[in-house]
Amino acid sequence: MTTSNASRRDWLFDRQRGRCYLCSGVMLRPAPLHGKAPIPDDVATRDHVLPRSAKAKGEPALILLACRRCNVEKGAAAPTLTQVEFAQQVHREWIEAKRETDALEREAKAKDRAHRVRQAVFDEHLKAGKKRRRKRKRFAHAMQAERGAR
């Protein structure tokens with residue numbers, strides 16, 4: 001995971017598909033000026049499901065995005081078991097989706113690499129064929145010149 005707070009929020013936003021984990025409300029990303037717009041603090045906040053005041057570690061599975069209103073209302077309240085289970089479920093689903101995406105990317109790269117190798121072999125074969133044809137032509141011209149010289 002990257003280091004800046006904005007990029008962490010982006011990562012969490014993508015992982016949760018832009019929904020608050022407490023109220024399931026959609027958090028809208030602002031319109032981008034160039035590329036992907038960062039998620040501002042007033043739209044989404046990172047919520048530690050197990051509050052930091054309870055000396056909880058910042059484990060990625062237990063940090064979720066919540067809309068500012070829900071996060072302020074929750075405060076440092078202890079989470080319900082369903083909130084913790086939900087956080088872990090979201091993280092597991094995201095990890096599985098990431099693995100599938102990575103596997104598809106690796107497969108596509110392997111196919112591309114195999115295609116490039118086949119293309120290179122084919123190109124070499126064509127070059128070799130052209131060289132043989134040139135040699136045959138030169139030989140035929142030499143034979144005609146030799147016959148013409150006699």
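Which residues touch the most other members of the largest nonpolar core? Select Cys20, Met27, Val49, Leu64 and Leu65: of the 17 residues in that core, these touch the most other members. A nonpolar core is a set of buried Ala, Val, Leu, Ile, Met, Phe, Trp, Tyr and Cys residues joined through side-chain atoms within 4.5 Å. Buried means under 20% relative accessible area, exposed means over 50%, and partly exposed lies in between (1.4 Å probe, protein chains only).

Before moving on, note that this is a predicted model, where local features need pLDDT of at least 70 and side-chain atom pairs count only at pLDDT 80 or more, while totals for chains, interfaces and linings use all residues. Residues are numbered from 1 along each chain as its sequence is written, and side-chain values use heavy atoms, with hydrogens and water left out.

**Stop 1**

β2 gives the most, with 5 residues. Helices (H or I, at least four residues) and strands (E, at least two) are DSSP runs, numbered from the N terminus.

Now pick Cys20. Leaving out residues up to four places away in sequence, Cys20 touches Gly25, Met27, Leu65, Ala66, Cys67 and Cys70. Contact here means heavy atoms within 4.5 Å.

**Stop 1: two cysteines**

Select Cys67 and Cys70. Cys67 is buried, at 14% relative accessibility. Cys70 is buried too, at 9%. A disulfide is a covalent bond between the sulfur atoms of two cysteines. The cut-off is a pair of cysteine sulfur atoms within 2.5 Å. The whole structure holds 0 disulfides.

**Stop 2: along helix α3**

How many salt bridges does the structure hold? There are 5. A salt bridge is a side-chain nitrogen of Lys or Arg within 4 Å of a carboxyl oxygen of Asp or Glu.

- Select Glu107 and Lys111. Their closest N and O atoms are 3.6 Å apart in a salt bridge. Both lie in α3, 4 residues apart, about one turn of the helix. Glu107 is partly exposed at 43%, whereas Lys111 is exposed at 54%.
- Select Asp112 and Arg116. This salt bridge has its closest N and O atoms 3.1 Å apart. The two residues also sit 4 residues apart in α3. Asp112 is partly exposed at 38%, and Arg116 is partly exposed at 48%.
- Select Glu124 and Lys127. Their side chains meet in a salt bridge, 3.9 Å from N to O. They are 3 residues apart in α3, so about one helical turn separates them.
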